[in-house]
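Biologist: Hello! I am new to this structure and would like to get to know a few of its residues. Could you show it to me and take my questions one by one?

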Amino acid sequence: NQVYVFLRNIATTAAKTITVQFNKNGTRDDVILLNNGEYTMFPWLCNSATDKLEIFSNDAAGVKVEYLITPML
């Protein structure tokens, strides 16, 4: 359950951001904020059925996100 995660905010409007939160058994922490055009890549250990990555936008119409998740070998 160890994976690499790549996320990119592909919005072209400067004010559109996405927020990434790690939810471990209902506890949210380790927030990542991505402005338009920014990206991140990180390793993630998902060791429970309740562990989640949650992605939110600051725009009611939504913000497009490009993503890739691949197992660590």
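Modeller: Gladly! Strands (E, at least two residues) and helices (H or I, at least four) are DSSP runs, numbered from the N terminus. This is a predicted model, where local features need pLDDT of at least 70 and side-chain atom pairs count only at pLDDT 80 or more, while totals for chains, interfaces and linings use all residues. Residues are numbered from 1 along each chain as its sequence is written, and side-chain values use heavy atoms, with hydrogens and water left out.

Biologist: Is Asp-51 buried or exposed?

Modeller: Buried means under 20% relative accessible area, exposed over 50%, and partly exposed in between (1.4 Å probe, protein chains only). Asp-51 has a relative accessible area of 6%, so Asp-51 is buried.

Biologist: Which backbone nitrogen lies 3.1 Å from a polar atom of the side chain of Asp-51?

Modeller: A polar contact is a pair of N or O atoms within 3.5 Å; within protein, one must be able to donate a hydrogen and the other to accept it, and residues adjacent in sequence count only if both atoms are side-chain atoms. For the side chain of Asp-51, the backbone nitrogen at 3.1 Å belongs to Asn-47.

Biologist: How many aromatic pairs are there?

Modeller: Rings of Phe, Tyr and Trp (its six-membered ring) pair if their centres lie within 6.5 Å; planes under 30 degrees apart count as stacked, over 60 as edge-to-face and the rest as tilted. By this rule the count is two.

Biologist: What kind of pair do Phe-6 and Tyr-39 form?

Modeller: The ring centres of Phe-6 and Tyr-39 are 5.8 Å apart, with 35° between the planes. Phe-6 sits in strand β1 and Tyr-39 in strand β4, 33 residues apart. The pair of Phe-6 and Tyr-39 is tilted.

Biologist: And what kind do Phe-22 and Phe-42 form?

Modeller: Here the centres are 5.3 Å apart and the planes 75°. Phe-22 belongs to strand β2 (residues 18-24) and Phe-42 to strand β4, and both residues are buried. Their pair is edge-to-face.

Biologist: Last one: is Ser-57 buried or partly exposed?

Modeller: Ser-57 is found in strand β5. Its side chain has a polar atom 3.0 Å from the backbone oxygen of Asp-59. Because its relative accessibility is 34%, Ser-57 counts as partly exposed.
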